[in-house]
Amino acid sequence: MTPTPSLTPLAVAALALLAEGPTHPYEMYQTLVLRSEDRLVKVRPGSLYHTVDRLARQGYVRATGTEREGNRPERTTYEITVTGTEALRERIADIIGTPINEYPEFPVGLGESNNLPAETVVALLRQRISLIQDDISALDEAIRKVTAKGLPARYWMDVRYLRAMAQADAATLQALIDDLVSGEISWDEVKQH
């Protein structure tokens with residue numbers, strides 16, 4: 001068995017939409033935005049079209065026809081193939097089961113924050129917590145909406161996860177602020193070279 005080429009997060013999102021039924025890339029884009037999945041996957045119409053083209057070349061999706069509405073450009077509808085379904089399942093299993101370091105920028109900034117005055121670091125961390133709290137409120141609203149619609153939890157486990165991670169992030173940053181303000185983390189120590 002040949003190994004499956006790694007699918008980008010956008011490719012996973014596109015294949016998952018096609019697993020729900022045939023559609024065209026612009027409708028995929030609209031659905032991703034409507035479902036707020038653009039919080040999880042960086043998506044732009046052009047990048048989505050390129051991704052679908054690549055998936056078609058790899059045999060993961062196939063065109064099923066084209067349509068035109070009024071003066072709009074032709075739209076090609078795609079469906080997922082058996083190979084695409086297998087690749088999607090393999091990639092999802094790999095993502096869920098294998099933690100990887102995604103090299104986020106924030107830990108770099110935090111690790112080098114000793115180059116700023118302590119007061120500035122505290123102010124910036126408070127600002128970050130405020131923005132995280134805004135995200136938590138948006139996630140709470142999303143949870144309220146999907147619960148009210150009766151959408152089964154298996155379709156929005158990502159929202160629950162993101163909320164829990166944001167809550168933990170805010171609590172950890174608040175603990176750092178508390179340690180900086182109390183002097184538990186000293187900013188006056190001499191740097192060793």
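**Figure 1. A salt bridge joins Asp-140 and Arg-163.** The closest N and O atoms of Asp-140 and Arg-163 are 2.4 Å apart; a salt bridge here is a side-chain nitrogen of Lys or Arg within 4 Å of a carboxyl oxygen of Asp or Glu. The pair links distant parts of the chain, with Asp-140 in helix 6 and Arg-163 in helix 7, 23 residues apart. Helices (H or I, at least four residues) and strands (E, at least two) are DSSP runs, numbered from the N terminus. Asp-140 is partly exposed at 32% relative accessibility, and Arg-163 is partly exposed at 26%. Buried means under 20% relative accessible area, exposed means over 50%, and partly exposed lies in between (1.4 Å probe, protein chains only). The model is predicted: local features need pLDDT of at least 70 and side-chain atom pairs count only at pLDDT 80 or more, while totals for chains, interfaces and linings use all residues. Residues are numbered from 1 along each chain as its sequence is written, and side-chain values use heavy atoms, with hydrogens and water left out.

**Figure 2. Glu-141 and Arg-144 form a salt bridge within helix 6.** Their closest N and O atoms are 2.6 Å apart. Glu-141 is partly exposed at 33% relative accessibility, as is Arg-144 at 48%.

**Figure 3. Salt bridges that share partners join Glu-20, Arg-35 and Glu-37 into one network.** A search of the whole structure finds 6 salt bridges.

**Figure 4. Helix 7 spans residues 157-182.** This helix has 26 residues and reaches 38 Å from its first C-alpha to its last, close to the expected 38 Å; the expected span is 1.5 Å times one less than the number of residues. Its buried residues include Val-159, Ala-166, Leu-173 and Ile-177. The buried residues of helix 7 pack against helix 5 (106-111) and helix 6 (118-148), contact meaning heavy atoms within 4.5 Å. Leu-124, in helix 6, is partly exposed at 42% relative accessibility. The C-alpha atoms of Leu-124 and Ile-177 are separated by 9.9 Å, although the residues are 53 apart along the chain. Just after helix 7, Gly-183 takes a positive phi of about 90°.

**Figure 5. His-24 is buried in the loop between helix 1 (9-20) and helix 2 (25-34).** The relative accessible area of His-24 is 7%. Leaving aside residues up to four places away in sequence, His-24 touches Glu-67, Arg-75, Thr-76 and Thr-77.

**Figure 6. Ile-92, Ile-95 and Ile-96 form a nonpolar surface patch.** Together they have about 290 Å² of accessible area, computed by the Shrake-Rupley method with a 1.4 Å probe; for residues, only the protein chains shown count as cover. Patches are made of residues with over 30% relative accessible area and no salt bridge, like charges being joined within 9 Å and nonpolar side chains (Val, Leu, Ile, Met, Phe, Trp, Tyr) within 5 Å. Ile-96 belongs to helix 4 (residues 82-97) and is exposed, with a relative accessible area of 70%.
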